[in-house]
Each structure stands twice: as C-alpha cells, then as structure tokens.
Amino acid sequence: MKRRKGTSDSLLTKAGGELDDRFKLAGPARVLLNKVFPDHWSFLLGEIALFSFILLLLSGTFLALFFEPSMVEVTYHGAYVPLQGVEMSKAYESSLDLSFEVRGGLFMRQMHHWATLLFMAAILVHMLRIFFTGAFRAPRETNWMIGILLFWVGFFEGFFGYSLPDDGLSGTGLRIMEGMTESVPFIGPWASAALFRGQFPGTDVISMIYIIHVFIFPLILLALITVHVGLVFAQKHTQWPGPGRTEHNVVGFRMFPNYVMKQVGFMLFIWGVIGAMAGLFQINPIWLFGPYEVSVVSSASQPDFYVMYLDGLIRLFPAWEFRAPPYFTLPAVFWPAIAGMGLSVVLPLLYPALERRFTKDRGHHNLLERPRDNAARTSLGMMVVVFWIIGVISGGNDVFAEKFHISLNAMPWAGRIGIVVLPIITYYVTYRICLGLQQHDREVLAHGLETGILMRDPNGRFYEVHQPLAEPDEHGHTELEYNGWVVPKKMNRVGALEPADKGFFKSIEEPSDNGGAERRDEIESGKH
Amino acid sequence: MSAHNDGDRAEPESVDLSDPKLSRFEVYKEGLRRDDIEIIHYEPRFPKPGTKAEKRMERIVGGFFLLSGLFATAFVVAYIWWPWEYDGPATWRDPETWYTPVLGATLGLSLLLFAVGVLTWAKKLLPIEELVQDRHDGGSSPDDRRIAEATVDGLVEDMGLKRRPFLVKAALLGAAPLGLAAVAPLGALLKDPGDMLTVTGWNAERYNDGKPIRLMLKDGAMVRPDMVSVGGQITAFPAIDHGATNQFPTSPILLIHLRDEDAQILHGNLYPMYQDVDALWGNFVAYSKICTHVGCPTSLYEQQSQRLLCPCHQSQFNVVDNAAPVFGPATRHLPILPMTVDDEGFFIATSDFLVPPGPAFWNRPSLPEEDEK
Amino acid sequence: MAASAKRRRGWRKRLGALARFTGALVIVGGLYSVFSPGLYAQESEAGAIDADAVKGQELYDTSCITCHGDNGEGVEGRGPSLIGVGSAAVEFQVNTGRMPMAAQGAQAPDSDYPVFTEEEAEWLGAYIEYLGGGDVVPDDLDALVAAGTVGEGGELYRVNCSSCHGFSGGGGALSSGAHAPSLSGVTNEELYQAMLTGPQNMPVFADNQLTPEQKADLIAYVQFIVNDDRDPGGVFNLGRFGPSTEGLAIFLVGMTALLLTTLWIAGKS
C-alpha cells in the first residue's frame, strides 16, 4: 500500500536519486510501474511457455557441464551394470554418467525433458487461445508469425535435444529424419551428406546438432521471445469486451505490484510443477535403450509428442511413389514429411493475411472475439485440431493397437479415413454449435433468461417464466444489443439465487462485501 | 514502450507539483494522469488495518513462505546427504532409488509453496483495483509522419540516390557477390554423396579385395547354415573391418531359415533378377534389414504369418514374396542379398544388393521388377 | 486388478525362484534324485511310456485332442502337429495360460489363470516328448542365469528381441492383431522355453544360434531390467511406453495443473 518513492528520504530514495542522476530513470520507470494489464486466465498461457523456457536455459546449462558431444567409440565401465562392457559413443556414455554418476544429474535431465514437453504443449495451447479469440488480427499479425516461428524453432530444438544422447531411440529418430531428407528431389542425397558429413550416421552429427541445440537455436528462441513479449508490451494486450472496455482502452490492474506479483507467483508455480514431475515421473530412460546401432530398433519407437503428429502423417500416407525408371523417383515419404511439414509452417504463417483477404476486414482489433461469434474461424480451427489429434494418435498407433487390443492393420486405416472425414464433420458440427450459441445469446437478450419456473395458465398451457434482463416493452421483449461478452444464462448470475453455501473446503458463513459490485457489472453487461 | 507523449495532454488538468500541500496520493494520481490512466475502482482489501482477518491472512501467507523454506532446506539436505549412487539392481527399499523422487518432491513443494504464498499475497492482501488506460492504437500523429517523411526524403536527397542511379546499381552489383561470399563458407559442409546410398558393405571389390564376403554375427562369429533353425532368423553383417558397426548402415541383413513349404512359395514368387543370380540358398533367404520407407531396421519377423514388420511406421513385407510391401507406407521390397555357402560351410554373399537398400532418393536406380507388385 | 494380480504372481514366482536357488543343495538335489533317474530311464529305453506321460496322455485326450488330433498329429485348420515340439514348448504354452486356447484368434492370448497346474503341464510335456522328443530346458537353468553376464545379454536382447518386445520389455504390436507380450513377471523357464521353441509368431532361437549360456545371459538381462531393477527416475515410470505416455502426462498432469492455476490466479477473490 505504501508507496516508498518521493517523499520519505529513505535509503531507497537516495539510491533511486543516484540512479536517476545517471540514467534518467524516473520517467520511464513510472510508465513501467503504472502500465495497465487486463486480467483473464486465458492471458496466462503464453507465460507457461516463457517460464518453461527460462527453466530450460537453467537446466540445460547444468547438463552442458557434463555432456560430451562426441561420437568417439568407448567401452562403458560406469555404474549401470547391464551396459558394462558395451561399445558406445562418448555422447551416450556421458549421458549415462549424467544419469547415474552425477549427483542429481538424472533429476536435472528429467527436469530438462519435462520442461521441454511443457514448453511445446504451452505454445500449442497458447496458440489455440490466440487463434480462437482472434487475437492475431491487426495490428498483431507480426506477433502471430513470430509465435509460429517460435513453435517451429522449438520443434527442431526439441528434436535435436532428443537426438543428442545418441541412444537407441535418438538414433532411430535421426534415421527417420535422414530418410525424409533423402526424399527431397534433386538435393536430397546432398542435403543428407551435408547433415551427416557423408553417410548416415557418420561421426559428426552429434557435435553438429550440439552447437545448434545449445547455441544457435537457443539464441534464436531468446531473440524471438524477446521481440514477442516486447511487442505484446508495446502494442498493449488485447482484452475481452465488457463493461467499460473499448477498442481504445485497457481495463485491468497495474503492472506493479499486482501483475508482477502474479507473474512471479505463476513462474514459481510452473517451476514447482516441472520440478515435481521431474522427480516423480520417469522420462526417457536412456539406459534401457542402449547405444544406437543401425540394426537395432524397438517396438513402439516414437518421437516426443510435438513431433508425433508428423510421424503419424508419415504412417498414414499411402504407399504412393512416383517412378520414372531409371531416372527419377519421388518417394512417398516426401509428401507427408517435407510437403506436409512445409505446409504446416507456411499456412499458419499466412493465416492472418488470408483471413484479412477473405473477410475484407482491415480494421484494428483490440477487443477479443468469443469463439462462437466467428463460427467460420472457430470451425476451421477445430478442423485443424482434429486433424492434428488424429495425426498424434496415429504417431502412437502401435502403442494404441497393443494396449487396446486393436489390430495394428486397422489403426492406419482408421487414421486414413478419419483424418479425411472427421475434420469435415468437425467443421460442420462446430459451425452449427457456434450458430446455436449465438442464437441463444440473442434469445436471452430479447426474452430474458430461463428461470426454471414452470407455470400453467388458465387455458391449461404450460410455459416457463423468463426473467428479462431489462425493462421489457409491451410485447415482453427487451431491446438489448449483444456486445460480444458473456450473456448471463442463469438466475444466480444476475444476483438472484445466491449459491446455498460458499467456501471450498469449509463454509464461509459471512457474506462477502466485494461480491456486490461484480454482480452488478454482470447484470449491466447486457446493457452496454 | 508504448507511444506516450506527455505533451499531448492538455496542460490545464495538471496539478502544480511544487505545491507542498499535495498529498502523496495526489502526486501519484498526477503520474497516472500523465500516462493516460484513470482509477475506476480502488479500495484496500482490509479497510481497517490490523483486523483479525488481516492478521490471519498475513499468518497464512507467512506460513507458506516458511514452509517453502523448510522444503528448500530439505532439498539441500537431501541433495547432499541422501544416498544416491547407483549400485546394481535395486528394489523400492533401497534409498538411492528414492533420490530423484525426493529431490523432485522437496524442490517441487518448496517452489509451489512459495508460489502459493506470493499469489495469495497478491490476491488477498493487495488492494482491489481497476484502472483504465488509453490504448493509443494506430499509427503516429500526422505531424510525426510528415516530419519523418521529410527527414527520410532529405536523406535520400543528400545521398543523391535518385540522381546517381549508377552508384546504386554498382553498389548492388558489388554487394551481391559479397553476400555470396558471406554464405560460401557454409559450403564446407557439402560433401559429395557419391555412391554412398547405392554401394553397401557387401561390395567385395571395394571392401574385400574382390574375395566373397562372409556373413558375420555382431560378435564376429561367421554364420553357418546350422546356426539358424527352421523358423528362425538371425541378424548378420558383412565380415569386413567394422562390418557390424554404424560405418555400414545399409548392410545389415536378416537371414531367415524358412520352412520347406514357405521356401517353395518363395522360390515360385522370386523376381527374375533374383532367379538369374540364384539369390537363395536352400531354404535360406537374406533380406536387407533396412526398411525401404525411411530406413528403420525391419526386424519384426513373424514366423507364422511370414511377415516382416517395421516398428517405426508399420510397413509390412511378405517374406514369401520377395519381401514385397503388403501394408503401410513402404513402396518397395526389401532387397535380397544373393548368397550361397562356400567350401568351408560358411555363408557368403555372391554380390552386393541388386537394387540399393534403404529409403529412396530421386535418382535411385530402380528396376522394372520392383513394379511387379 | 489384472495388473496387481500379475504382479502378485510375479512376486510369488520370483520368491519361488529365490527359494529354489538359495536352497539348491537341499531342493534341487532332492529333485534330482527323484526326477533325473526317471528322465534318463525314459531316454535310454526309448518308446516305453512312463507314468507321467500316461497321466499327460489322459489330460491330452480330454483337453487337446480336438485341435491337435490323435497322438499329436495335428488337425488341418485347427491346430498344428505337436510331434517333435518337445516338453519346453508344451510347458510354456500351458503354464502361461495360452493353451488350451479358448477360441481361434490372431494369436493365443496369455492368461493369469492357466487351466492346468504346473505339475499337470509337466505331465503333458512328458507325453508330447514321448510322442516325438524335442527341446527341453536345462535343469540347471537358474544357476546358468545366475552366472550369466547381464551386459552381453543386453547386446543380444537389443539385436534379437527389442524389435518386438521393446527396449524396456513391455511388448509391442505385430501385424493384424497379433502382439509380442510384455516380459514382466515372466520366469526364467518361460523365457528359455519361448526362445527355444518360438511360440506363435516368435522366431525360433535354437541352441545352435543362441547357446544355452547366451540364452542365460539374455534371461539375466531381461530379469534385470524388467523384474529386478526398480526404475531410478521416479515413482511412476509411465508404463515405460516412451514418448506416447510422456506426452499424455504433460497434458493430463502438467497442463491440467497449470490451467487450473491460471483459473485461480485470474479468478476474482
């Protein structure tokens, strides 16, 4: 409550004075301290990725102290008995030592891996929020594109990290990547030879992806994240429509202390969740996989979940190979792997421009749209989500087949049919749901909300009593305009019918003083 | 930073900051005003300081912090003193198997508790506030734009970009090769793939001075027919230097000993190119182990259904039909390594694969036989 | 339920194996004196049927004959001939509950509740062995396994077994509904029998391909990673399914926890 700047000549004031003499901080600091941020749970999803990334830098630095990116052949003599005497690369040996002979090394490795999964999962969830609420619209298309790039750099950063330990699973992943690279017309063999310095797997690939994994890509990620967050700051965050909220203002609380405290708290919470998961859930037990050998493979070889969608597409794509013997072959894997991945990069990048072109909507939008209010976009998004989920499930279809006792040969066919048919059905169903929700909003605004009270009139007709949201005209209608925000649909949202009991673990008997204003806001939201 | 411009605001609203009677709150509000912020709602969470409820909330938040510190201490103690070194097979009774879970639980709880402390502080002790700030969306003011335009025009004029087209063209012509020079060193990565995708370790001329190459197990033992019983399979490598290592990634084969009836079917189905070189030996067949899809080892041999399955993308190959693909994304059969048995009773390859094993590439030499199925 | 039952069964078997091993002098020696003479006697006077085989034949004629035919000659379209498969195959199939098969399917599923007791399986094995010889499990298998080199076994496991049973021994899917079973809770004998006889779609690993010592190494490795060693990386190993369950966990545990937290943080208080 107390503001320490200005009047009291405390030590802080003196220090502030000294700093201001040198850096002229008072003005910019005030702007920063007072900046207003809107508050909504869905605005916190990107932070999960941001704070996971910070933890990735920290845990990754620890791992880099012990990991040796070398493919020199050594014989293992470490602590893990089942691998003693086995020939392996130095990279794999140091990963094993990291897991068994470095104090807390296994914990750190698992923390790094879980943080990666959370980073990528949070990017996806955050991206869905941005998409479905239309937050990517002008003036924020640039930041949307940066976000897409962040996903793809993270994608390869994660894949390279998965490849570094040089265990059986990472080698299999690299093998598949090599096969995909080879499939590119004309440049494929050269590209593969450049990646592996000759024939796969060679002896250089680990040191090459190491420098990419620990230096180049983290640097790119750091730069992109800085611009990404900076743009959110400079362009000011979008906000939901609501009482008093317009395209030209931001309603919320100040950056300090409220926003920053919540951010710090959330950061620690995210780290706590990752830390707990790193200790309790085993991830990527490389000691079971053995060193990578070209003739060795495991059933249920999967990439991490964010790559699984691509692997699923590769599994589903039919065996269509174009051949003009003996001069030219276009391998089947080119389509899902190279063309598919290319489209997955380009289409999202272009989406804001495409939507602008089709809707001819060139205005700036600082108020978010409820998903239901843009049925076409929401349906399109759901279509992509379903497509992606089928891809992911197909990426693990052998595990699925085995655990749920489905024929392995039925899974790809189910996937092939599903990935074509289900997105179309999803589009239609989502579209209808959106229209239904829109209509219901209008109906409540026009006729009031359903009270659940059934009455019978003298003629014997049953009807439900409606609570109008404003003073009705002689026909019982209210002329309320929909303002893009939640329309109350239950009596207790308009102040009637308080919940019988409050409190989570135990009852809080005394009524809260602070509830009144909010309830009023909600009632009034229908009038603005 | 947002485009705030203190000068935009009309002066009359501002308060005289030199006025000694101004309260701290009024000075603060003047700051808000200069940032185009208005307070809609502001009330302390506990209007009367020092009430029981407030004290209680303080105790709760403080408790979270102290508990967090306790768990952080536990983490440090466990990190240093908990037995952690792996020493062979362990059950849940061995404390070292609990090292990682204990680290996770203590550090996780410590972070979570501190987080909950900070968040509770923010939610339950900070004043309730709602402010509104002007967004100043859109471009700069017309004045700013005009000034910027004039400045840039002046720049162009000063440099004479319009008057001196030759200079511009010459600069571009010079810069293009310079850009090329900047990326040229990346060419060091390039390496001629040569015949790396078509020649394998079974090439006797290159790797064994023209002498036939024997089939070898991973441990170096040469393969004899009696080592694989009916319905069995064995992974074999070329018996050359480093033949069983990753230096020869397209060489591993799966040597299968078929049952009589299955071998008959395979003999009947054999592609002409394999018949010509007599690729099988008795009931034995040697298929490339590298999947023709993207190169995983196709090593799931089902001895009853006579299929080979690739665990990566579920391509399935018919063992009694040249390992032609029967399911999944693979499009080409697994090449057969033509082999026989030498005088000493060991398997030898009679030539390299007739078609390149492993995943396809654009100029892969393909034979008409491959289109049969 | 099934999993815990399986675990209990695994425990019991492991304890049993331990008891046999530690009490080798008493128990194995005693068993030797009882069984070995009979076994050798049978070999020496080939053709003569011993008491165990007679009991086995009774069981065979009631439970197996429908599919495998008179005297184990097989029935076209129902069951293969059993002549020459040996007692190892019979005991594996019967003790793991795969035989008798309830219905024709992609492959015989294993069951935690075998129809026959181990003793009855031995009788059946004796009968099949009487019909046509075949592979047998060495008597000193547990000692062989105890002397096995885990590291060598690991190399063999990765070359020969992991493609179907997975790096962590959890099993995997095969074509058209068949699958390679999980190796957890499996006894030394069952592992040995399976390698020796190649049940269902599994390839045969006869003694000339993997010597009994190599098989013992392999068994030692499997028992180490699947049954003996506790996963060091946490309380939950997520079934060791690899990235598929890890991906599920990050959404179901991590993301869910954090989404609930965002609701709490941004919720009105």
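**Figure 1. Salt bridge between B:Glu30 and B:Arg34 in the predicted model.** In this predicted model, a salt bridge joins the side chains of B:Glu30 and B:Arg34, with an N to O distance of 2.9 Å. Helix α1 (residues 24–34) of chain B holds both residues, which are four residues apart, about one turn of the helix. B:Glu30 is buried, at a relative accessible area of 4%, whereas B:Arg34 is partly exposed, at 30%.

**Figure 2. Salt bridge between A:Asp398 and A:Arg315.** The side chains of A:Asp398 and A:Arg315 form a salt bridge of 3.1 Å, N to O. This pair connects distant parts of the chain: A:Asp398 belongs to helix α15 (residues 397–403) of chain A and A:Arg315 to helix α12 (residues 305–316) of chain A, 83 residues apart. A:Asp398 counts as buried, with 5% relative accessibility. A:Arg315 counts as buried too, with 1% relative accessibility.

**Figure 3. Salt bridge between A:Asp204 and A:Arg197.** The closest N and O atoms of A:Asp204 and A:Arg197 are 4.0 Å apart, and the pair forms a salt bridge. A:Asp204 is partly exposed, at 25% relative accessibility. A:Arg197 is also partly exposed, with a relative accessible area of 35%. Elsewhere, A:Arg137, A:Glu355, A:Glu369 and A:Arg377 are joined into one network by salt bridges that share partners. Over all chains, the whole structure has 32 salt bridges.

**Figure 4. Disulfide between B:Cys296 and B:Cys312.** The sulfur atoms of B:Cys296 and B:Cys312 lie 2.1 Å apart and form a disulfide. The pair links distant parts of the chain, 16 residues apart: B:Cys296 sits in the loop between β6 (284–288) and β7 (300–302) of chain B, and B:Cys312 in the loop between β8 (307–309) and β9 (316–318) of chain B. The link is left-handed, with -90 degrees about the S-S bond. B:Cys296 is buried, with a relative accessible area of 1%, and B:Cys312 is buried, with a relative accessible area of 1%. The count over all chains is one disulfide.

Figure 5. A disulfide needs sulfur atoms within 2.5 Å. B:Cys310 is buried, at 2% relative accessibility. C:Cys161 is buried, with a relative accessible area of 13%.

**Figure 6. Patch of positive charge on chain B.** B:Lys52, B:Lys55, B:Arg56 and B:Arg59 form a patch of positive charge on the surface. B:Lys52 is located in helix α2 (residues 52–81) of chain B. The relative accessible area of B:Lys52 is 76%, and the residue is exposed.

**Figure 7. Nonpolar surface patch on chain A.** A nonpolar surface patch of about 1000 Å² is made by residues including A:Trp413, A:Ile417, A:Val421, A:Tyr428 and A:Leu437. A:Val421 lies in helix α16 (residues 410–447) of chain A. With a relative accessible area of 38%, A:Val421 is partly exposed.

**Figure 8. Secondary structure of chain C.** Chain C has twelve helices and two strands. From the N terminus on, the order of its elements is α-α-α-α-α-α-α-α-α-β-β-α-α-α. Of the 269 residues in chain C, 50% are buried.

Note on methods. Residues numbered from 1 in each chain as written. Chains lettered and ligands numbered in written order. Predicted model: local features only at pLDDT ≥ 70, side-chain atom pairs only at ≥ 80, totals over all residues. Heavy atoms only, no water. Buried < 20%, exposed > 50% of the residue type's maximum accessible area, 1.4 Å probe, protein only. Patch = residues over 30% accessible without salt bridge, like charges linked within 9 Å, V, L, I, M, F, W, Y side chains within 5 Å. Areas by Shrake-Rupley, 256 points an atom, 1.4 Å probe, with all protein chains shown as cover. Lys, Arg positive; Asp, Glu negative; His and termini not counted. Charge placed at Lys NZ, Arg CZ, Asp CG, Glu CD.
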